[in-house]
Amino acid sequence: MYETPPWGDPDQPSYLNAAVVVRDDAATARDWLQRAQTIETAEGRVRDPERQFGPRTLDVDVIAVFDAEGRPVRGADPELTLPHPRAHLRAFVLKPWADLDPAAELPGHGPVAALLRAEPAASDVAAVRERPDLRIQSAG
Ligand SMILES: Nc1ncnc2c1ncn2[C@@H]1O[C@H](COP(=O)(O)OP(=O)(O)OP(=O)(O)O)[C@@H](O)[C@H]1O
Ligand SMILES: Nc1nc2c(c(=O)[nH]1)N=C(CO)CN2
């Protein structure tokens, strides 16, 4: 878990961010979106519809999906854009992901570790603060 300054809309409290790398060869990209949205709903997600990057109680995004052969799934559908169109700009996504998998690659943008050394993420990464005192609890 990481505490991160608000990105895109500064007038709100810090966020808690985390990344997970999950594998299920039977799941499609749509399944991952549906699973993400099921978790948001189950946790009673609340957000302000007027503020695109405003506060929300929980947001689960699908950053990148790879098929069973390891090929990236791509898509421009507004309901599911892959890779996530803003992931490469966000230290709060890249840093937790690189810590889990230092060799991670964001399709179309290259190694996550290199993205963290380049702007705009490089300027934001120092403010991404580890919170080892906090854990995501597994429901099942
Ligand atoms: N890769 C993706 N992951 C999650 N949602 C996506 C993705 N691509 C498109 N969407 C769509 O975006 C819509 C809004 O999602 P969400 O509220 O998480 O976005 P946001 O928090 O406003 O912005 P951001 O996506 O930049 O975090 C969802 O209804 C979903 O269908
Ligand atoms: N630090 C941080 N800032 C954000 C985040 C987030 O998860 N972390 N999500 C947003 C929604 O798009 C907008 N801004």
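Which residues surround ligand 2? The first view takes that up.

**View 1. The surroundings of ligand 2.** In this predicted model, which keeps local features at pLDDT of at least 70 and side-chain atom pairs at pLDDT 80 or more while totals for chains, interfaces and linings use all residues, ligand 2 has T4, P5, P6, W7, G8, Y15, N17, F53, D59 and F92 around it. A residue counts as near a molecule if its C-beta atom, placed from the backbone, lies within 6 Å of it. That shell splits into six nonpolar, three polar and one charged. Here Ala, Val, Leu, Ile, Met, Phe, Trp, Tyr, Cys and Pro are the nonpolar ones, Asp, Glu, Lys and Arg the charged ones, and the others, Gly among them, the polar ones. As for labels, residues are numbered from 1 along each chain as its sequence is written, with chains lettered from A and ligands numbered from 1 in the order in which they are written.

**View 2. The surroundings of ligand 1.** Around ligand 1 sit L33, Q52, D59, D61, V62, P78, E79, L80, T81, L82, H84 and R86. Sorted by type, they are five nonpolar, three polar and four charged. Helices (H or I, at least four residues) and strands (E, at least two) are DSSP runs, numbered from the N terminus.

**View 3. Stepping back to the whole chain.** The protein chain has four helices and seven strands, and they come in the order β-β-α-β-β-α-β-β-α-α-β. Its radius of gyration (taken over C-alpha atoms) is 15 Å, close to the 14 Å from the globule rule for 140 residues, so the chain is as compact as a globular protein of that length. That rule is 2.2 Å times the number of residues to the power 0.38. Along its principal axes, the C-alpha trace spans about 40 × 35 × 30 Å.

**View 4. A sheet of three strands.** β2, β1 and β7 make an open sheet in the order β2-β1-β7, with antiparallel pairing. β2 and β7 (129-130) are at the edges with a single partner strand each, so one side of each has no neighbour in the sheet. Strands count as paired if DSSP finds at least two bridges between them; β1 and β2 have three.

**View 5. T4 on strand β1.** T4 belongs to strand β1, and its bridge partner in β2 is Y15. The two are 11 residues apart in sequence and 5.2 Å apart in space, C-alpha to C-alpha. Is T4 buried or exposed? T4 is buried, with 21 other C-beta atoms within 10 Å. The cut-offs are 20 or more such atoms for buried, 12 or fewer for exposed, and partly exposed in between, with C-beta atoms placed from the backbone.

**View 6. Helix α2 and its cover.** Seven of the 10 residues of α2 (residues 91-100) are buried, so this helix is largely enclosed by the rest of the structure. The buried ones are A91, F92, V93, L94, K95, W97 and A98. Their cover includes β1 (2-4), β2 (15-17), α3 (112-117) and α4 (121-125).

**View 7. L116 on helix α3.** L116 sits in helix α3 and is partly exposed, with 17 other C-beta atoms within 10 Å. Leaving aside neighbours within four places in sequence, L116 is in contact (C-beta atoms, placed from the backbone, within 7 Å) with A91, L94, K95, A98, A121, A122 and V125.

Key:
Two residues are in contact if their C-beta atoms, placed from the backbone, lie within 7 Å.
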